[in-house]
Amino acid sequence: MNLRFWPRHKKRKEEGNGLFASLEELAGMRRWVHYARHFNRQKTFSARSGDIKSVFKGRGMEFEEIRAYNFGDDVRDIDWRVTARKQQPYTKIFAEERDLEIDIWLDLSAPMLFGTRKELKSVTAAKFAALIGWLALEKKDRFGAMIFDGTKTFWFKPQSGRAQLSAVFKKIAAIGRDVLQKSRYDAGELKKSFRQMEQCAGNRATIFVISGFGGNFAQMRSELGLLAKRHRLCLVDVYDILEEKAPKAGEYLAQYDGQKLIFDSRSRDYRRNYEKYFAEKRREQIDFCRRNDCRRIELRTGTDFYEAVSAL
């Protein structure tokens, strides 16, 4: 099957060079679907293990069979009558839900325009969003997307099929190019975007929130909590190694929003406080996921997507 999103006569492929995700790069994420099919390990980032084996599987309501309990099965599905009769645990098996709704909320705003390894955080986030789209297509689920560029939100109603992927990928690539020229960020619009996701997403959808979060997690917490109450929520934290680890000892010149700053990383206290900031941000997200029974995936720029696929 030949899947293309660009004209056949076009000979030269568009390259984002790590600054934005090109259409060809997003389409190329299809190659990772093959690896995702082979992962069937129990992996959870929530307070309760055994809830769902994959964020792409729903908890079906149609009873299928009763079989002996296996490690990793949901204890809530244990059939206590059969267990008492057989003197060993047995569990009920339900048919997997079909035609699920898989949505992404993709952050391509100004804070995502950072990266020291291979590509910007916005590019890594866009590629992961494309991977989710390909997996949804593979499983014949409806795929929806909400893309936030810092001031505007673009919504694609969940649909099945390659045409939906094509439209979403084209928009992601276009926004990725545009934000390089006019990167802006409005915290008020961020909250509006999450409220719009709450209104637009179908009942019990699986939603991937793909962002760097940064210092904005406190602003997102209440809106994310509302999403977690109605949907299966997965936070995808995109970060750069320089955010987690302080740079090598020395003096550095940094510039942001027209202002220049020289900082010295040779101080032990400086390095400790630098890395403490990221660790606290990570703990805050983990605590949120435990309290709201949702999942969390870490995605570092410049690394292979193999680990990201295994987390799914």
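Predicted model: local features only at pLDDT ≥ 70, side-chain atom pairs only at ≥ 80, totals over all residues.
How many bridges join strand E4 to E5, and do the two run parallel or antiparallel?

**View 1. Strands E4 and E5 pair side by side.** Strand E4, residues 142-148, is joined to E5 by 5 bridges, and the two strands run antiparallel. To find one of these pairings yourself, look for Phe143: its bridge partner in E5 is Gln159.

**View 2. Here is the open sheet of 6 strands.** Reading across it, the order is E5-E4-E3-E6-E7-E10, and the pairing is mixed. At the edges sit strand E5 (153-159) and strand E10 (295-300), each of which pairs on one side only. On average, neighbouring strands of the sheet are turned by 15° against each other, direction ignored.

**View 3. Val123 is a residue of helix H4.** Is Val123 buried or exposed? Its relative accessibility is 1%, so Val123 counts as buried. Leaving aside neighbours within four places in sequence, Val123 is in contact with Gly18, Leu19, Phe20 and Ala21.

**View 4. Helix H5 spans residues 162-181.** From its first C-alpha to its last, this helix of 20 residues reaches 30 Å, close to the 28 Å expected at 1.5 Å a residue. Among the buried residues of H5 are Leu165, Val168, Phe169, Ile172, Ile175 and Val179. An α-helix has 3.6 residues a turn, so residues three or four places apart point the same way. The elements covering the buried residues of H5 include helix H1 (23-28), E3, H4, E4 and E5.

**View 5. Helices H6 and H7 come together.** The axes of H6 (residues 187-200) and H7 (residues 217-230) come within 10 Å and cross at roughly 5°. That angle is under 35 degrees, so H6 is roughly parallel to H7. On the H6 side, the contact includes Leu190, Phe194 and Met197, while H7 brings residues including Met220, Leu224 and Leu227. The residues of this contact divide into 8 nonpolar, 1 polar and 5 charged.

Methods:
Residues numbered from 1 in each chain as written. Heavy atoms only, no water. Pairing = 2+ DSSP bridges. Helix = DSSP H or I, 4+ residues; strand = E, 2+ residues; numbered from the N terminus. Axes fitted to C-alpha atoms, helices over the stretch in contact; angles between N-to-C directions. Buried < 20%, exposed > 50% of the residue type's maximum accessible area, 1.4 Å probe, protein only. Contact = heavy atoms within 4.5 Å. Expected span 1.5 Å × (residues − 1). Parallel < 35°, antiparallel > 145°, perpendicular 65-115°, else oblique. Nonpolar A, V, L, I, M, F, W, Y, C, P; charged D, E, K, R; others polar.
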